[in-house]
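Here is a short report on one protein chain. It starts at a single residue pair and widens to the whole chain.

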Amino acid sequence: MIPNKWYPIEESSVVRRRPHGLQRMGLRLVLFRGQDGRLRCMRDRCPHRGVALSRGRVRGDEIECPYHGFRFDGDGRCTRMPCEGHDAHIPHGLEVDVFPVREAHGLVWLWWGAAPATGNVDALPPVPWFPELPTHTRYAAGSSMEWPTHYVRAIESNFDLHHGPFVHGNIFSRKATRVDPIEATVEGERIHLQAVLRPDDGEPGRSFGFRAQFVAPSLTLLHLTDRLVLVVADCPIDETTTWRYARYYNEIVKIPGLGKLLAWLVVRFEWDYVQRRQDLPIVRTMTPRVPVAGSDKLVRADVGTARYLQLRRRLLAEAAAEVDDLPPHVRATLPDDVSGRRSLPVVSATG
C-alpha cells in the first residue's frame with residue numbers, strides 16, 4: 001500500500017453504536033461510534049487476552065471487551081480492569097492501537113501513514129475525491145463487495161476497456177474490439193484516460209467512447225455515458241482479496257425517488273450480473289494473484305494500466321524518504337526497494 005494516503009474502508013451508514021469488525025490492509029479492525037457520535041477505529045484485539053473487541057459493547061465513548069470487561073477509551077487507553085477493582089493501577093502496554101479515520105462522501109477513510117504531528121486528525125490532508133461530482137446523492141446509489149484479487153489487479157481492471165466485447169458481449173458490441181485512439185496522461189497523483197472502442201478498419205458496427213480518471217491511491221471515476229458515471233473505491237483486505245465499493249450517479253432521470261431507484265437498479269445489475277456472473281469467473285483464473293515483476297506483457301491498449309503502475313511505483317519511491325517516520329504496521333507492507341521486503345512490478349505499454 002502507498003503510505004501517507006487515505007483509503008476508503010467502509011460505508012459510513014454501516015457503522016453505528018454497535019462495534020463493527022472488518023479486515024482491511026491485512027489487519028483486523030473495529031469501528032464504532034461513541035456516545036458523542038464520533039467515529040473510532042482500533043485494532044480488533046484486546047491486549048489482555050487477544051479477544052476480538054468487535055464482539056463487545058460500547059459503553060459511553062468506550063469499548064468494552066466481551067471476555068473480561070476491560071474498557072478502552074477513544075485513544076486506546078485502558079480505563080477499567082474489573083478483575084482488579086476500581087482503583088487498580090493500569091500497567092504499561094495495556095493499550096489498543098488506534099487508527100486515524102475520517103468520514104467523507106458517505107465513506108469511512110483510514111489514514112495509512114504517519115500520525116499527525118499535533119495528534120489531530122483535522123491536520124491531515126483532505127481525502128481524495130472528484131470535484132466534478134454532485135455534492136448530493138439524491139440520484140445516486142452504492143454498494144460494496146469482496147473481490148478475490150490483489151488490490152493492484154482490481155485497480156488495473158478499471159482501465160481495461162478491451163475486455164468488454166469478449167466478457168460483456170451482450171452489453172458491448174462484439175464487433176467493437178479495437179481500442180483506437182487511446183491516451184493516458186498523468187497530472188500529479190491523477191491519471192486521465194480517454195479511449196474509443198470501435199470496430200476494426202473497414203468493419204461495420206458501433207463505437208463506444210470511454211473516459212476514466214484515477215486519483216491515488218485507490219479511487220476511479222468512470223464515465224459510462226454523458227449522464228451515467230461510476231465511482232469505484234478499492235481497498236485491500238489482504239494480499240489476495242479487495243474490498244470494492246461502487247456508486248452510480250444517475251443524470252438520466254432526475255425525479256425524486258425514481259432517480260435514486262434507477263441508480264440502485266444499475267448498481268444491482270453491475271454487482272449481481274456484470275461482476276459476479278461475467279467478470280468473476282474470468283478474474284478467478286488470473287495468475288499470479290499477487291502481481292509479480294515481468295508476469296504480464298502489456299500492449300498499447302493497456303496504457304492506462306501502465307500509467308497506474310508507474311504512478312504507484314513513483315509514490316512508493318517517494319515514501320522511502322519518510323520511511324523512518326512510518327508506524328510499524330505501515331512499514332511492514334512496503335516493498336523491498338522501500339523497506340527491504342519484496343519487489344514491485346515494473347511494466348510499460350508497448351507500441
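Tyr7 stands opposite Leu110 in strand 10. Strands here are DSSP runs of E with at least two residues, and helices are runs of H or I with at least four, numbered from the N terminus. This is a predicted model, where local features need pLDDT of at least 70, side-chain atom pairs count only at pLDDT 80 or more, and totals for chains, interfaces and linings use all residues. Residues are numbered from 1 along each chain as its sequence is written, and side-chain values use heavy atoms, with hydrogens and water left out.

Strand 10 covers residues 107-112 and runs antiparallel to strand 1, joined to it by six bridges. Two strands pair if DSSP finds at least two bridges between them. Three strands form an open antiparallel sheet, in the order 1-10-9. Strand 1 (5-11) and strand 9 (101-104) are at the edges with a single partner strand each, so one side of each lacks a neighbour in the sheet.

Now the whole chain. It has six helices and 17 strands. Its radius of gyration, taken over C-alpha atoms, is 22 Å.

| Property of the chain | Value |
|---|---|
| Accessible surface (Shrake-Rupley method, 1.4 Å probe) | about 17000 Å² |
| Share of that surface on carbon and sulfur atoms | 50% |

Technical notes:
Rg over C-alpha atoms; globule rule 2.2 N^0.38 Å.
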